[in-house]
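Here is a short briefing on one protein chain. Look at the structure first, then read the points by topic.

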Amino acid sequence: MKKVSATGSGKFLKKLEAFRPTLGSLPVSILAATYLLLSLNATFWARAGVYLQGEPWAYAGLFAAMFALFTIATVAVSVKYVIKPILIFYIAVAAAAAWFTDNYGVFVDTDMVRNVFETTRAESQDLMTPGLLRHFALYFVLPSALLSWVRVTHQTLGRKVLENGFTIFVCLLIFAGLAATFYKPYSAIVRTKRDLVKTLNPITPLVNTTKYLLGVSQEVALVVKPLGEDARIAAPSDGSSKPRVAIVIVGETARGASFSLDSYTRQTNPELARQNVIYYPNVSSCGTATDVSLPCMFSNLKRSGYSHKAGLENENVLDVLSRAGVDVTWMENNTGSKGVADRVRNVVITGSKDPRFCKDGDCWDEIFLEKIDEWLSGITKDSVLVLHQLGNHGPAYYERYPDAFRKFVPDCQTAELAQCTDAEIVNSYDNAILYTDFVLSGIVERLKARSSTLSTGFLYISDHGESLGENGLYLHGTPYFMAPDEQTRIPMITWFDGQFASSMGLGLDCLRKSAARPLSHDNLFSSLLGMMNVTAKVYQPEQDMFAVCRAAPALPSSS
């Protein structure tokens, strides 16, 4: 029986083999270039059509130029034993990038590549939607299977070099000729519409992945430079002897436009509104993704001087606080501190098994409240606790809040945003903001309960905002030069008990009146030093958001 079965199977395979098409390496390369250009660059061609509206010849020329460029990229790898794996790799990269670009308006720049490499299992699971799997099956698995089935023939080495070299040369001439012919409209797009190039798949993702990997290889040899070696704690302005405690909450993906403390008409902050907090409506972020904003906001480099490499090379405000004698703790409920907490106590909550708050590796931020009680009970000196929230991390907004906070309905109950209306997406996002309001108010309550033994303060600031369908954009990570206000204008909130404000010589009425002035992540470094009465040469009074409202002169820089 087995021999008959094996023989039958062999005959079937031989018959199937007879149907395998045979193509030369050059036609296969050209077909692959055509597929990549036409099937996996919908956003590129849609934007090009808008930017070249009224110039049909320039649009046609762009297609011919891009076809020449893609043909160069595929013909250059049409070598025996290599052509199929590399072309399949091209298709995989382009298919993945096309899904996020076409559905969410996300650009695969270097920062987004870093996010991909540093993502957690729970975060990646949120993105593995049925729609993504269907997209991959249709645009990657099927064409890759067809490519694998085709029998590719190759010329002799000498003839292949001549054939491929001639093809590449002709394509270079076509590309250069069209670029020169339509230089005026093309150069205008490059200068003013830089987003177009960022949507070109798989070229842009491959270039940015290469940049990321080269950067990582250089980071191994980096040596962190000390900062604020002269830092010390100044005596409280009011002579108080109570330990001074500040809790800093780093929000995740919260945008100012969705806070009722701001100008939002929906009541998303009912609990904080009762806490006598101070809200700052005009605050901008350092970046549009956590990997940039988080280390940037705690550094003294400011947005204009920040780079990933510079952030890794230099200590940050937590190091300065710790060096001055402040007890510093970081509690993590997200995807990591991105290096910020490498040299201070780091408590990782992500992945906890507490069934009340956690599921599949993610924990609701309410888990912080019990942890805060434990932390406050052990305070013996001036201390800072930084909480990194899970917050509104998308696209699975519906998983960021318990059912009790489903106030705005119908809410989007899937991570596949294309299956929801924009109104449903906004509802789920607003429910997550409502839950954050509850958690933040709970933190304030815990600080109030310790007023007899501690001087307490609170500062909340988000890392970046979020797009919820405005202008066809979703999520975040849009390059800063073109990022919409929804991704860069962020909420910031402070609350201080009377003793804490007095100990830093702070006039709260003045702070309320000045809250609308423009601020940014650039202000956080010196403001945290000012909150904790830490003096150092790196402290900059003009960057301290509290300095203008001190009854006493602003804290001096150490000399």
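## The largest pocket

The lining of the largest pocket divides into 21 nonpolar, 10 polar and six charged residues. Here Ala, Val, Leu, Ile, Met, Phe, Trp, Tyr, Cys and Pro count as nonpolar, Asp, Glu, Lys and Arg as charged, and the others, Gly among them, as polar. This is a predicted model: local features need pLDDT of at least 70, side-chain atom pairs count only at pLDDT 80 or more, and totals for chains, interfaces and linings use all residues. Residues are numbered from 1 along each chain as its sequence is written, and side-chain values use heavy atoms, with hydrogens and water left out.

- The largest pocket holds about 1,000 Å³ of space.
- A pocket is an open set of points on a 1 Å grid over the protein atoms alone, with protein on both sides within 12 Å along at least five of seven lines.

**The whole chain**

- The chain has 22 helices and 16 strands. These are DSSP runs, numbered from the N terminus: helices are H or I with at least four residues, strands are E with at least two.
- The C-alpha trace spans about 90 × 65 × 45 Å along its principal axes.
- Of the 559 residues, 53% count as buried, meaning under 20% relative accessible area with a 1.4 Å probe and protein chains only.
- Take contacts (heavy atoms within 4.5 Å) between residues at least 6 apart in sequence: 76% of them join residues at least 24 apart.

**Nonpolar cores**

- A nonpolar core is a set of buried Ala, Val, Leu, Ile, Met, Phe, Trp, Tyr and Cys residues joined through side-chain atoms within 4.5 Å.
- The largest core has 52 residues, and I247, L387, I443, F458 and I493 have the most contacts inside it.
- Helix 18 gives the most to this core, with 11 residues.
- Leaving out residues up to four places away in sequence, L387 touches I247, V248, I249, V250, M331, F368, I372 and I443.
- A second, separate core of 50 residues includes I461, M504, L528 and F546.

- Why is helix 22 (residues 524-531) largely enclosed by the rest of the structure? Eight of its eight residues are buried, so the rest of the structure largely encloses it.
- Helix 22 is followed by N533, whose phi is positive, near 55 degrees.
- In helix 17, the buried residues are I367, F368, L369, I372, W375 and L376. They pack against strand 4, strand 6 (327-332), strand 8 (358-359), strand 9 (362-363), strand 10 and helix 18.
- W99 sits in helix 5. W99 counts as buried, at 7% relative accessibility.
- Not counting residues up to four places away in sequence, W99 touches Y104, T129, G131, L132, H135 and E416.

**Cavities**

- The structure holds two cavities of 30 Å³ or more. In a cavity, a 1.4 Å probe fits but cannot get out.
- The second largest cavity has a volume of about 40 Å³. A volume is the space filled by probe spheres set on the grid points, which are joined across faces, edges and corners.
- S299, N300, K302, D522, F525, S526, Q540 and Q543 line this second largest cavity.

Technical notes: On a 1 Å grid over the protein atoms alone, a cavity is a set of points where a 1.4 Å probe fits but cannot get out, and a pocket is an open set with protein on both sides within 12 Å along at least five of seven lines; lining residues have an atom within 4 Å of a point.
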